[in-house]
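I opened a new page in the notebook for this entry. I wanted to see what could be looked up in the structure and to write it down in plain order.

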Amino acid sequence: MKEDWGKEAGNIIARWARKHSLWVLAYGTGCGAIEIPPTMTSRYDAERFGITGMATPRQADVLLITGYLAVKTLKRVIRTYEQMQSPKYVMGFGSCTINGGMYWDSYNTIKRLDDYLPVDIFINGCMPRPEGVIDGFIELQKLIDSGQANGWKKYQDNLEWYRTNQKKVIKNWKMPDYNW
Amino acid sequence: MDTSFNLWILLMPFVGALVGLTYMGIGRRIIARVQHRYGPPIFQNIVDVLKLYSKKTAITHGVMFHLAPTLAITGTISTLMFLPILTGPHGIYLFSFKGDLILLMYIMVFGCLAMALGAGQSGNPNSAIGVSRGLSQMVGYEAPFVIAMVTLMVQFNTTSVHDIIKAQDSFVHWNMFQSPFAFIAALFAFLGFMGNKPFDVVIAPAEIASGPPSEFGGKYLALMQTNRGMFAFVKLVLYVDLFMGGAANFVSLLAKTFFFYLIPLFVGIVNPRFRTEQAITFFWKWPTVIGLLGFLMVIL
């Protein structure tokens, strides 16, 4: 009984801290990257929610995929995602990550990001404005608080399925094996 | 006496880390206000550290990589242990009777060197660049710092921090006013120590990722952030001891250390980043010359 209580208290503190400190690795793949600077700087000031930009995947919590992903870029994104330390969250930004958006017919972009990486939250729009981005972060905070943002667990459990999907589009698969 | 002594030895690292991290949070808030932003809450850095401790960590690059954050924090705690935190009747002296200023100067560098070794083993090119920049800059600001310290030691004919504090018994006898040249030289070195804006070529956000710690994540980074907060506190307390005559109670300690924390912060807000060689030439030119001038005045 006592151990349960200690564990529960630890979980509450951990969830609270994770919720209020989101370090974002903004992967500016597409045109959506232009919305990130105003979100982070003086006009919309995401720092007041504890959201800060981070430069390296090792230190980041949130992988923000801004826009379409070319197959070549997807390889880098997967590698980046696997270098991040769990718990980690993926945020799909713009309609390109949801269904391909205006790149639906393209021969070298992926359509649905969720098939390749476990996306915790999507922000729709082409492109979403900074208000939308901050709203997405607030939703992510709610998900973390209720313990529903566990895409990283899903990725670990269904690694085979994700790998099959990834290898289907990435023909020259030369990636190191990570053991996290 | 004995219980309170043991208690403070156990508590002081935590107090130091909390104070340092809170100062950093206040600093972020002040920077935000200058940039017309609202800014994060002042305990944001503590939340960040808590989150980092709660993260799972699975990175390996070798033995030194695992040891580096631990060694860095060991260096910082041992520096803290040789500092008189509070003076007067209710003083907190820790082990400071056993060490002197020379030991402090020597042991302060230990954490930086451990970090350099760990970051060097991580194999990340950004880390390597950051380490080389950091060590070069350290060569720069150590010169005025050592000159200032030697000036103080010659002036009071002692190497003990206690005797230097005792010599500054009243406001007008603070070393700030008593030996202004050494103070100015040490203050410039302090700007380099704190790694705020004009001299932040080591971390250099948006240039070399985050420099030496770019391959550290999760709990390693948590240890390093704790170390950063604690080390800031150590440096602040050392400067208060040397130049403002120490502090008799916690209120005056916090006021004095916060005054010292604001100086590099305000300098940092309005200044862009120096390149490495600019920083080194700056340190070797003005602060060193001013420090040598003060040294000459003390000798003559």
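My entries below go from the contact between the chains to single residues and then to the aromatic rings.

**Entry 1: where the chains meet**

I noted first that this is a predicted model. I looked up how chain A and chain B touch: 27 residues of chain A are in contact with 32 residues of chain B. Together the two chains bury about 2300 Å², and 54% of that is on carbon and sulfur atoms. On the chain A side, I found that Glu47(A), Arg58(A) and Gln85(A) lose the most area to chain B, together 25% of what that side buries.

I found six salt bridges between chain A and chain B, and 20 residue pairs in polar contact, both residues at pLDDT 80 or more. Helix α1 (residues 2–20) of chain A gives the largest share of the side of chain A that touches chain B, with six residues. I picked out one salt bridge: the side chains of Arg58(A) and Glu215(B) meet at 3.0 Å, N to O.

I also looked for a charge over a ring across the two chains. Lys51(B) lies over the face of Trp23(A), at 3.8 Å from the ring centre.

**Entry 2: Gln85(A)**

I went back to Gln85(A). I found Gln85(A) in the loop between α3 (71–83) and β4 (89–93) of chain A. Is Gln85(A) buried or exposed? Its relative accessible area is 3%, so Gln85(A) counts as buried.

I then listed what Gln85(A) touches, leaving out residues up to four places away in sequence: the list includes Pro57(A), Arg58(A) and Ala60(A) from chain A, and Lys55(B), Thr57(B), Ala58(B) and Gly217(B) from chain B. A polar atom of the Gln85(A) side chain lies 2.7 Å from the backbone nitrogen of Ala58(B).

I looked up Val71(A), which lies in helix α3 of chain A. Val71(A) and Val169(A) are 98 residues apart along the chain, but their C-alpha atoms are separated by 6.8 Å. Not counting residues up to four places away in sequence, Val71(A) touches Asn108(A), Thr109(A), Val169(A) and Ile170(A).

Gly88(B) is partly exposed, with a relative accessible area of 36%. Gly88(B) and Ala247(B) are 159 residues apart in sequence and 8.0 Å apart in space, C-alpha to C-alpha.

**Entry 3: aromatic rings**

How many aromatic pairs are there over all chains? I noted a count of 30 aromatic pairs. One of them is Phe65(B) with Tyr220(B), an edge-to-face pair at 5.4 Å centre to centre, with 70° between the planes. Phe65(B) lies in helix α3 (residues 63–81) of chain B and Tyr220(B) in helix α9 (residues 218–243), so the pair ties together parts that are 155 residues apart in sequence. Both Phe65(B) and Tyr220(B) are buried.

I compared this with Trp174(B) and Phe177(B), a stacked pair at 6.4 Å centre to centre, with 5° between the planes. Trp174(B) counts as buried at 13% relative accessibility, whereas Phe177(B) is partly exposed at 45%.

Notes
Residues numbered from 1 in each chain as written. Chains lettered and ligands numbered in written order. Heavy atoms only, no water. Phe/Tyr/Trp six-rings, centres within 6.5 Å; stacked < 30°, edge-to-face > 60°. Helix = DSSP H or I, 4+ residues; strand = E, 2+ residues; numbered from the N terminus. Buried < 20%, exposed > 50% of the residue type's maximum accessible area, 1.4 Å probe, protein only. Lys NZ or Arg CZ within 6 Å of the ring centre and 35° of its normal. Contact = heavy atoms within 4.5 Å. Buried area = accessible area lost by both parts, 1.4 Å probe. Salt bridge = Lys/Arg side-chain N within 4 Å of Asp/Glu carboxyl O. Polar contact = N/O pair within 3.5 Å; in protein donor to acceptor, adjacent residues only side chain to side chain.
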